Amino acid sequence: MTVNNIDERLDKLVTQYPIIDTHNDFPYALRLHLHNEIKTKEFNFDSLLTSHTDLIRMREGKIGIQFFSCFIECKDDDYLYQDFNKPNSAVRDTLEQIDVVQRLVDEYSHSFKFVYTADEALKSFRETKGKKISVTLGVEGLHQVDLSLAVVRQYYALGVRYITLTHNCDNPFATAASSVTGGLPDKGLSDYGRDCVKEMNRLGMMVDLSHVSHKTMLDVLEVTQAPVIFSHSSVYKLSKHERNVRDDVLKLVKDNGGVVCVNFYPDFLIQEGHSDITIEDAVDHIKYIINLIGWDHVGFGSDFDGMPCGPVGLEDVSKYPTLVKKVWEATNANEEDIIKMMGLNVLRVWKECELVSNNLKNKISPIETNWDQRKWIFSEYCKQMPVLFPGVEDVIENKNIYVNHHE
Ligand SMILES: [Zn+2]
């Protein structure tokens, strides 16, 4: 196949099938630099910005469906020792990030549509011939639900479609890759984490395994009833970073029907002997996954605006077609495989999670379990409140703590 031929065919393909990016951190740039005041007159998303992401380059990059990350960092300064009984602002801050994406979509509604299902995303892409970018959300770590499954449910109601089980700290649900790097034991998924995966399956919330430890990946793949995603992860064999995906996990992802969306963050693409990290390194990681487990399990999860700068040749959101073309040239694949990598794999996983949810919702109720180490603190005054029914104190295992607030 000649290079020209690929160019022409790709130009046509991107009008028929969406390119999907499962991890763009631009909402964090709005928080960091504008405190989310996007109506500030100096800010125009439809102009060339100096960040990695703006509408002009998203159009150039032929993005069809964008998952914007609603990321808030772990709250305790020491990432290795977080106290989840200490009140923190993670939920408020996450809600602000969800809100700013929804306002951005409204403000630029000529080019964006907020979508809630895989079918809706594809339908909007087709109806607008790719002119409108479908937008949906991911939350980057269960520390952002604090310690409550109720928050998982409410995030889903607000349009969040995946949650990463950890960021760079352990939480009541699971162990993070960076904690293991930091010397802590790899405890994998906790019992409460198992409940959470079950609840995410029930809701149709995709379980994202980027950032988690090796044992967490294995534990989740054993218990999940739906396919998983890695919203932004690369290959361990090529770049030995704890959060990259090892071969044993990749093979399990094939059995599970999940998808690994390759991260463009240079630190996680770097290969031995390479000094400059380029687009070719991203191609190598993609090819590695394809060779090991096939074309059904690969996608793109850039990390744009969540890293200082992208690899050479893959600097911003305008570069997806260049990447697709390079993989196409390197593999001589057929069009069916190319469109899976571009986005159909992610859409398939999203849709399957919805189908699993439809099935589970008929069988199980919302999971009410609480974290067994949670401290339930009430005012001394509450002891004077009427009792719900005789013997109610013996019903719950984790007893209340009463404190005097009036001293
Ligand atoms: Zn990340």
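Analyst: **The helix and its surroundings**

The buried residues of helix 10 are covered by elements that include helix 9 (214-223), strand 8 (259-262) and helix 12 (279-293); contact here means C-beta atoms, placed from the backbone, within 7 Å of each other. The model is predicted, so local features need pLDDT of at least 70 and side-chain atom pairs count only at pLDDT 80 or more, while totals for chains, interfaces and linings use all residues. Residues are numbered from 1 along each chain as its sequence is written.

Helix 10 spans residues 247-256, and its buried residues are Val 249, Leu 250 and Val 253. Helices (H or I, at least four residues) and strands (E, at least two) are DSSP runs, numbered from the N terminus. A residue is buried if 20 or more other C-beta atoms lie within 10 Å of its own, exposed if 12 or fewer, and partly exposed in between, with C-beta atoms placed from the backbone. An α-helix has 3.6 residues a turn, so residues three or four places apart point the same way. On the face of helix 10 turned away from its buried side are the exposed residues Asp 248 and Asp 255. Gly 257 follows helix 10 and has a positive phi, near 80 degrees.

Just after helix 6 comes Gly 159, with a positive phi of about 110 degrees.

Most residues other than glycine have a negative phi, and most peptide bonds are trans. Lys 62, in the loop between helix 3 (55-60) and strand 2 (63-70), has a positive phi near 55 degrees. Lys 62 is buried, with 22 other C-beta atoms within 10 Å. Apart from neighbours within four places in sequence, Lys 62 is in contact with Val 14, Ile 19, Gly 130, Tyr 320 and Pro 321. Lys 129 sits in the loop between helix 5 (118-127) and strand 4, and its phi is positive at about 50 degrees although it is not a glycine. Lys 129 is exposed, having 9 other C-beta atoms within 10 Å.

Helix 2 (residues 26-34) and helix 4 (residues 90-107) pack at an angle of about 105 degrees, their axes 10 Å apart. Pro 27, Leu 30 and Arg 31 of helix 2 make the contact with Gln 97, Val 100 and Val 101 of helix 4. Axes are lines fitted to C-alpha atoms, for helices over the stretch in contact, and angles run from 0 to 180 degrees between N-to-C directions.

Definitions and conventions
Two residues are in contact if their C-beta atoms, placed from the backbone, lie within 7 Å.
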